[in-house]
Amino acid sequence: MLTIERQELIIGLLKAKEIVSVRQICESTGASESTIRRDLTELENKQLIKRVHGGASLLKKKLEEPTLLEKTAQFQIEKEAIASKAATFIEDGDSIYLDAGTSTMQMIPLLQGKSVVVVTNGIPHVQLLIEYGIETYVISGKAKKGTAALIGTKAVDAIKEFRFDKCFLGINGIHASQGFTTPDPEEANVKQAAIKQSQASFILADPTKFGEVSFASVANIENATIITTDGISTEQHEKIAKLTTLEVVSQ
């Protein structure tokens, strides 16, 4: 089988199954594991697929974004582990920015009893922060349908009024050369503002976000520490770890 035929077959398998292991591809093509790994590297370099631990998956569309309800149902164990690690970076006296999203919302119960001030653009975050007795400021802005995030120029202007010790952000795409990305340019502007106003920035992301590139740029990889869990491909880990601090939580 020619290389181009084999790679077309790999794309076909991924379209049918979304995620396929190296072993499954070897069985379908009759090629060796080393040959398939070379094919996957080449396809990833062409931004046709992304490598995942033990295999590959198709890239999401640039504008694709799951709703808050969909996010809540995904990767719960990973999000809890990531949130627990993120909370260890918070110290008494910190002023922090919590981005909208399900991963950052998992951090809120872990802030109880800490002397911190929180600023957030997450509408669902507010009630939970109040319930846990955490001093909270809510920025202004337009409420985004689907994700319940406050975005827009008013949100950006509101963030500029604050200075943060640390900010904790969710993200849709993490790529060594393309950086941190998200589907919505307005939401990207809010995240950019938070990073600019923070002494230290942290990205909370499950392993599926690695290798993805969304529509709007947020920041370069070097601008934030990444907190994730096991499951990143070796190639992704090596590339990202050369550029920034990568905190990988074992489950």
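These questions and answers explain the terms applied to a predicted model.

The model is predicted: local features need pLDDT of at least 70, side-chain atom pairs count only at pLDDT 80 or more, and totals for chains, interfaces and linings use all residues. Residues are numbered from 1 along each chain as its sequence is written, and side-chain values use heavy atoms, with hydrogens and water left out.

Q: Why is K50 called buried?
A: Buried means under 20% relative accessible area, with a 1.4 Å probe and protein chains only. K50 has a relative accessible area of 2%, so K50 is buried.

Q: What makes the pair K50 and E212 a polar contact?
A: A polar contact is a pair of N or O atoms within 3.5 Å; within protein, one must be able to donate a hydrogen and the other to accept it, and residues adjacent in sequence count only if both atoms are side-chain atoms. The side chains of K50 and E212 make such a contact at 3.3 Å.

Q: Which residues does K50 touch, not counting those up to four places away in sequence?
A: Contact means heavy atoms within 4.5 Å. On that count K50 touches E44, A56, S57, L59, T208, K209, F210, G211 and E212.

Q: What makes a set of residues a nonpolar core?
A: Its members are buried Ala, Val, Leu, Ile, Met, Phe, Trp, Tyr and Cys residues joined through side-chain atoms within 4.5 Å. The largest such core here has 34 residues, of which Y97, I174, F180, I203 and I226 touch the most other members. Its largest share, five residues, comes from α9. Apart from it lies another core, of 19 residues, among them A81 and L129.

Terms used
Buried < 20%, exposed > 50% of the residue type's maximum accessible area, 1.4 Å probe, protein only. Helix = DSSP H or I, 4+ residues; strand = E, 2+ residues; numbered from the N terminus.
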